[in-house]
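Visitor: I'm new to looking at protein models. Could you show me how to read one?

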Amino acid sequence: WIFSTSSKELLGLNEGNLPVHKGMRQKRYRSIEKMMDLLDVVQRLQPKMPLNTLCLDPNDKEWEDDMNYLYPNYGHWKRRAIGMSFMYFLYIYNYQIFTYNAHWRGFHKLYLFFMFFYTSKLIVNYRKDVLRVNLFDEYVQLRADELVRQREDSVKSEPVKKYIWFNLDLEETLNRCRRQSYLNSSEDFKDSELILQDFIRRQTDETQPLPLNSDNALLGPLDWYKVDNI
């Protein structure tokens with residue numbers, strides 16, 4: 001909400017359209033300027049997540065080769081299943097000819113053998129493909145568990161706890177922010193502004209010369225940065 005649809009929510013577009021008259025629309029835009037400034041400060045306050053916690057080392061030789069995740073070739077097996085179904089349909093449709101005509105006895109036995117061989121081969125190859133994918137998935141899960149154990153100390157570190165606490169506190173704070181009225185003035189978000197100001201005071205140390213710095217928070221333009229855990 002704060003990172004993608006904040007202006008839309010503040011303008012109240014989900015509850016109705018903007019005022020028809022130009023002057024009222026401009027007042028509506030100016031009424032959210034203070035909230036937008038506070039939300040911009042809130043974004044910059046977000047603590048930094050340690051990179052080695054969520055990312056792999058690009059210089060590690062283990063990750064040099066490009067390993068694509070395996071999936072069963074469902075398109076291939078679907079075409080094979082359609083072909084096998086058509087073969088069974090021909091047999092059922094011509095069952096009387098194959099069975100009661102003496103001239104087709106040899107072809108009948110050959111056709112049954114071919115159906116049995118083709119069906120067995122299709123089932124065996126499909127099970128091999130699924131087994132290969134399951135074994136690869138098991139390897140990936142084991143490697144992921146190993147990486148989690150290797151980074152267990154980093155996951156339980158104070159920066160990560162601070163990052164999680166910030167996002168939980170931010171989510172609770174934003175849930176309390178509401179438009180109080182549609183007077184198109186600063187009174188529309190009077191309580192919400194106080195709530196965000198209190199959040200900013202909680203997340204900063206006012207005793208420092210620079211409460212907001214690059215060592216403990218994100219700074220600069222955030223157009224490239226997306227947060228998905230809020």
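Predicted model: local features only at pLDDT ≥ 70, side-chain atom pairs only at ≥ 80, totals over all residues.

Visitor: What are the elements of the protein, running from the N terminus on?

Guide: They run α-α-α-α-α-α-α-α-α-α. In other words, the protein has 10 helices and zero strands. As for contacts between residues at least 6 apart in sequence, 73% of them join residues at least 24 apart.

Visitor: How do I check the span of a helix such as α7, residues 105–150?

Guide: Count 1.5 Å a residue: the 46 residues of α7 should span 68 Å, and its end C-alpha atoms are 67 Å apart, which agrees.

Visitor: Which residues of α7 are buried?

Guide: Here is the general idea. An α-helix has 3.6 residues a turn, so residues three or four places apart point the same way. In α7, the buried residues are H108, Y111, M115, T119, L122, D129, V133, F136, R143 and L147. Among the elements covering them are α5 (74–93) and α6 (95–100).

Visitor: And how do I describe two helices that pack together?

Guide: Two packed helices are described by the angle between their axes and the distance between the axes. Take α9 (residues 158–176) and α10 (residues 190–203): their axes come within 10 Å and cross at roughly 165°. Angles over 145 degrees count as roughly antiparallel, and α9 and α10 are therefore roughly antiparallel to each other. The crossing of α9 past α10 is right-handed. On the α9 side, the contact is made by W165, F166, D169, L170, T173, L174 and R176, and on the α10 side by I195, L196, F199, R202 and Q203. These divide into seven nonpolar, two polar and three charged residues.

Visitor: At what angle do α3 and α10 cross?

Guide: Roughly 20°, with the axes of α3 (residues 33–45) and α10 coming within 10 Å. These two helices are therefore roughly parallel to each other, and α3 passes α10 in a left-handed crossing. K34, M35, L38, L39, V41, V42 and L45 of α3 meet S192, E193, L196, Q197, F199, I200 and Q203 of α10. By class, this contact has nine nonpolar, three polar and two charged residues.

Visitor: Does E193 count as buried or exposed?

Guide: Buried, because its relative accessibility is 10%. E193 lies in α10. Leaving aside residues up to four places away in sequence, E193 touches K34, M35, L38 and S186.

Note on methods. Residues numbered from 1 in each chain as written. Heavy atoms only, no water. Axes fitted to C-alpha atoms, helices over the stretch in contact; angles between N-to-C directions. Helix = DSSP H or I, 4+ residues; strand = E, 2+ residues; numbered from the N terminus. Parallel < 35°, antiparallel > 145°, perpendicular 65-115°, else oblique. Left-handed = near helix turned anticlockwise from the far one by under 90°. Contact = heavy atoms within 4.5 Å. Nonpolar A, V, L, I, M, F, W, Y, C, P; charged D, E, K, R; others polar. Expected span 1.5 Å × (residues − 1). Buried < 20%, exposed > 50% of the residue type's maximum accessible area, 1.4 Å probe, protein only.
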